[in-house]
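The entries follow the order in which I looked things up.

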Amino acid sequence: MKRTKIKELLATAPTGQSVTVNGWIRSFRNSQFLSLNDGSTLQNLQAVVELNALDESTQKRLTTGACISVDGELIASLGKGQAVEVKVKSLEILGDCDPEAYPLQLKNRPSLEYLREIAHLRSRTNTFGAVMRVRHAMAFAVHKFFNDRGFSYIHTPIITGSDAEGAGAMFRVTTLDQANPPRDEQGHVNHKEDFFGRETNLTVSGQLEGETYALALGEIYTFGPTFRAENSNTTRHLAEFWMIEPEMAFYELKDNMQLAQDFLQYLVRYALDNCADDLEFLNKRALEEEQAKPQDQRSELSLLERLKFVAENDFQRLSYTEAIDVLKNSNPNKKKKFQYLIDSWGVDLQSEHERYLVEKHFKKPVILFDYPANIKSFYMRQNDDGKTVAAMDVLFPGIGEIIGGSQREERYDRILKRVNELNLPEKDLWWYLDLRKFGSAPHSGFGLGFERLILFVTGMTNIRDVIPFPRYPGNAEF
Ligand code: 4AD
Ligand code: MG
């Protein structure tokens, strides 16, 4: 079908030329003014039907949500609010939409909670249109950033036999008969008879496999779905989320932190430069939502101000040890306002602490580094102090942790010792340990949670609203 997208028409000089537009009706006023949206842009196109040009039965079918194809002339708009409009010559209804049954009527703005239940239709709303166009732009920008810097995109496996990341509970992948699985002599389920001849899971991270290519191609990144079977019912966690994991040979922790900052600033700048009207809309939307909150919970900056601020200002770098000092002496700690009080070095930071550092104390993104070894993964490089590792987390306002990463332990003896201390399955990690035997090199990397980035850029507040079909405990509809 030949058609011109609305985004293009709105930027075209009107000379009465013939055009075809396809789209979904947002509203039909006064039996004359059709407001059409085709998803190419947030903006609607006005199509004007001459009075009495349509028979009554056709008019009745022009309901909100119906899909139509319009042939007409592109003319300068006579009304206010748009530069051009289409004077309808003929009109075809491609798909009717029963107004009694259609859940997205203009009158009552549906809640985000309700829209989650109709995730197959929420795509037709302004909010989800805007969020998903921004999401697309961010995915494209991720590839552009790395491609422009000579990184190779590596596709790491989704089904994996390595369960050594320790990042969280995993989803088992099996073809065994669940009701009656084969058993070995001790009565354990016999995974030798399973599809892959062993236990397998959905990946929690592509990092370990990514490292094998960093130590060959130099600089690589992954960008794919990851899965965590934690029972986390929060506005920041999904059971299925997308992660970007760059991994670089010859990078030390400092280089890693710089790349993380450059990357995030590039993405935010890209959104500002390329998604202006969607961000404008989301900015207004967020302001309206803020109005409903008590004064002291409102953020000081608007969405657009936050984005500009992050794009233009260096992130605060701070060691874990320094952060503990700040937190120990903070008002909420002294006044016992934190749910988890900070009393000693070595405790894991909760999101209340991370948000205090970012939102109250420094008022800018923070990169924390050199964490206690005991609260971080086995593969992180051990520092000379014997108690910390070269880890880093990037903390963002309103989000908390957006990136986690580290310099990797490249010394064979050190990592082997750590694997054994933690009782990790050395035999499953044979290939990972091999990397440290054959031409090992200093290297580093990190993981950016794609949906947390989209939360930040769109100003949405629940991670379930920035992915088309969210997966979380108790929900896998669609
Ligand atoms: O901190 P995480 O667990 O780190 C890793 O997986 C490392 N292998 C990354 C690396 O060094 N290559 O996860 C990285 C990021 C977090 O900072 C967060 O943004 C996001 O992934 N993330 C989640 N996002 C949504 N839902 C979840 N359940 C998430 N868990 C982590
Ligand atoms: Mg982490």
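This is a predicted model: local features need pLDDT of at least 70, side-chain atom pairs count only at pLDDT 80 or more; totals for chains, interfaces and linings use all residues.

I then searched for aromatic pairs and counted 22. One of them joins phenylalanine 145 to phenylalanine 146.

I took phenylalanine 396 and phenylalanine 456 next and found another edge-to-face pair, at 4.7 Å centre to centre with 65 degrees between the planes. Phenylalanine 396 belongs to strand β14 (residues 388-396) and phenylalanine 456 to helix α14 (residues 450-458), so this contact ties together parts that are 60 residues apart in sequence. I checked burial for phenylalanine 396 and phenylalanine 456, and both are buried.

Which residues do ring pairs link into a cluster? I listed Phe140, Phe145, Phe146, Phe151, Tyr153, Tyr221, Phe263, Tyr266, Tyr270 and Phe446.

I found the charged end of arginine 149 over the ring of tyrosine 266, a cluster member, at 5.7 Å from the ring centre. I also noted lysine 376 over the face of tyrosine 371, 4.2 Å from the centre of that ring.

I went through strand β10 (residues 219-227) and found eight of its nine residues buried, so I wrote the strand down as largely enclosed by the rest of the structure. I then looked up its partners. Strand β6 (residues 152-153) pairs with β10 in the parallel sense, over two bridges. Strand β11 (residues 240-249) runs antiparallel to β10, and nine bridges join the two. I followed tyrosine 221 of β10 and found it opposite tyrosine 153. In β11, I found proline 246 as the bridge partner of tyrosine 221. Both tyrosine 153 and tyrosine 221 are on my cluster list.

How many disulfides does a search of the whole structure find? I got zero. For cysteine 97, I noted that the nearest cysteine sulfur belongs to cysteine 67 and is 10 Å away. A disulfide needs the sulfur atoms within 2.5 Å. I also looked up burial: cysteine 97 counts as buried because its relative accessibility is 13%. Cysteine 275, with a relative accessible area of 5%, is buried as well.

Terms used: Residues are numbered from 1 along each chain as its sequence is written. Chains are lettered from A and ligands numbered from 1 in the order in which they are written. Side-chain values use heavy atoms; hydrogens and water are left out. Buried means under 20% relative accessible area, exposed over 50%, partly exposed in between (1.4 Å probe, protein chains only). Rings of Phe, Tyr and Trp (its six-membered ring) pair if their centres lie within 6.5 Å; planes under 30 degrees apart count as stacked, over 60 as edge-to-face and the rest as tilted. Helices (H or I, at least four residues) and strands (E, at least two) are DSSP runs, numbered from the N terminus. A charge sits over a ring if NZ of Lys or CZ of Arg is within 6 Å of the ring centre and within 35 degrees of the ring normal. Two strands pair if DSSP finds at least two bridges between them.
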